[in-house]
Amino acid sequence: MTAAGRPDRDASQRDGLSIGAVLAQLRGDFPDVTISKIRFLEAEGLVQPGRTPSGYRQFAPADVERLRFVLSAQRDHYLPLKVIKEQLDAADQGAAPAEHSAAMPRLPRKLVSLDAPGENGGLPSPGDFETDREIRLTEEDLLRQAGIDAATLAELRQYGLVRPGAAGFFDPDAVLVAKTVKAMTEFGIEPRHLRAFRAAADREVGLLEQIVTPVYRHRDEDAQARGDEVVRELAALTVALHTLLVKAGIRAVTGG
């Protein structure tokens with residue numbers, strides 16, 4: 001009790017972390033995480049913190065690690081929440097996870113971070129850069145970070161694979177695109193061959209925009225978090241579908 005006779009909230013939470021304390025711990029690695037996002041993951045059953053007698057959330061260290069796993073799986077591997085939850089449930093039950101594709105990380109029984117360096121064989125992943133949309137890169141920054149020359153960048157811009165913003169700056173995603181295209185050139189693929197990827201992406205944006213815009217327009221405080229989750233889920237499903245269709249197409253033409 002406090003001197004005024006009111007319950008001491010800090011004392012009631014001494015055995016666990018408040019949602020604000022958890023947010024502070026996660027923000028360093030996940031700048032975009034919010035309290036609404038944590039609440040959303042709780043509502044989806046990805047984490048189940050305890051509660052004080054007064055109803056305040058109490059997060060144990062294991063809950064924080066669980067959240068780190070979920071956020072890493074989304075950011076670095078584009079996994080949908082359904083898949084992440086299946087992995088977590090399997091770990092909770094002590095069962096070995098089902099066989100996964102190479103793009104899907106295995107989950108050991110003890111939760112671990114998915115931030116192991118180099119697990120993509122040196123190829124870039126979304127986790128290589130902060131996702132803060134306010135980061136602005138000059139052309140020189142892009143060339144240096146992506147390891148490409150000005151002629152290659154000119155081709156990337158010509159075929160719409162990277163686009164500067166209205167002020168002439170690039171965002172971190174442009175570096176990821178440039179690095180990925182650079183890796184593909186080692187197989188004889190040139191930027192001009194990738195125009196179809198740009199056109200397909202633009203069509204997908206138009207389709208997905210119709211789905212996510214109404215979610216963002218809701219006026220409750222969790223609308224942003226729900227909208228972000230819908231975008232992540234659809235992006236993950238889009239990547240998975242694209243991979244499966246390409247694999248099926250290659251098998252069809254090669255007879256594999």
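I take contact to mean heavy atoms within 4.5 Å.

**Entry 1: ground rules**

I am working with a predicted model, where local features need pLDDT of at least 70 and side-chain atom pairs count only at pLDDT 80 or more, while totals for chains, interfaces and linings use all residues. I number residues from 1 along each chain as its sequence is written, and side-chain values use heavy atoms, with hydrogens and water left out.

**Entry 2: the whole chain**

Among contacts with a separation of 6 or more, 59% join residues 24 or more positions apart. I find ten helices and two strands in the protein; these are DSSP runs numbered from the N terminus, helices being H or I of at least four residues and strands E of at least two. Their order along the sequence is α-α-α-β-β-α-α-α-α-α-α-α. Of 256 residues, 32% are buried, that is, under 20% relative accessible area with a 1.4 Å probe, protein chains only.

**Entry 3: helix H3**

I went to H3, residues 35-43, and noted Ser36, Lys37, Ile38, Phe40, Leu41 and Glu42 as buried. Their cover includes helix H2 (19-27), strands E1 (50-51) and E2 (57-58), and helices H4, H5 and H10 (223-254). Just after H3, I read a positive phi of about 85° at glycine 45.

**Entry 4: H3 against H10**

I record an angle and a distance here, because two packed helices are described by the angle between their axes and the distance between the axes. H3 and H10 pack at about 65° with axes 9 Å apart; axes are lines fitted to C-alpha atoms, for helices over the stretch in contact, and angles run from 0 to 180 degrees between N-to-C directions. From H3, Ser36, Lys37 and Phe40 take part, and from H10, Ala225, Arg226, Glu229 and Arg232. By class I list two nonpolar, one polar and four charged residues; Ala, Val, Leu, Ile, Met, Phe, Trp, Tyr, Cys and Pro count as nonpolar, Asp, Glu, Lys and Arg as charged, and the others, Gly among them, as polar.

**Entry 5: H4 against H5**

I then checked H4 (residues 61-77) and H5 (residues 81-92), whose axes come within 10 Å and cross at roughly 145°. Arg66, Phe69, Val70, Ala73 and Gln74 of H4 meet Leu81, Ile84, Gln87, Leu88 and Asp92 of H5. This contact has six nonpolar, two polar and two charged residues.

Notes: Buried means under 20% relative accessible area, exposed over 50%, partly exposed in between (1.4 Å probe, protein chains only).
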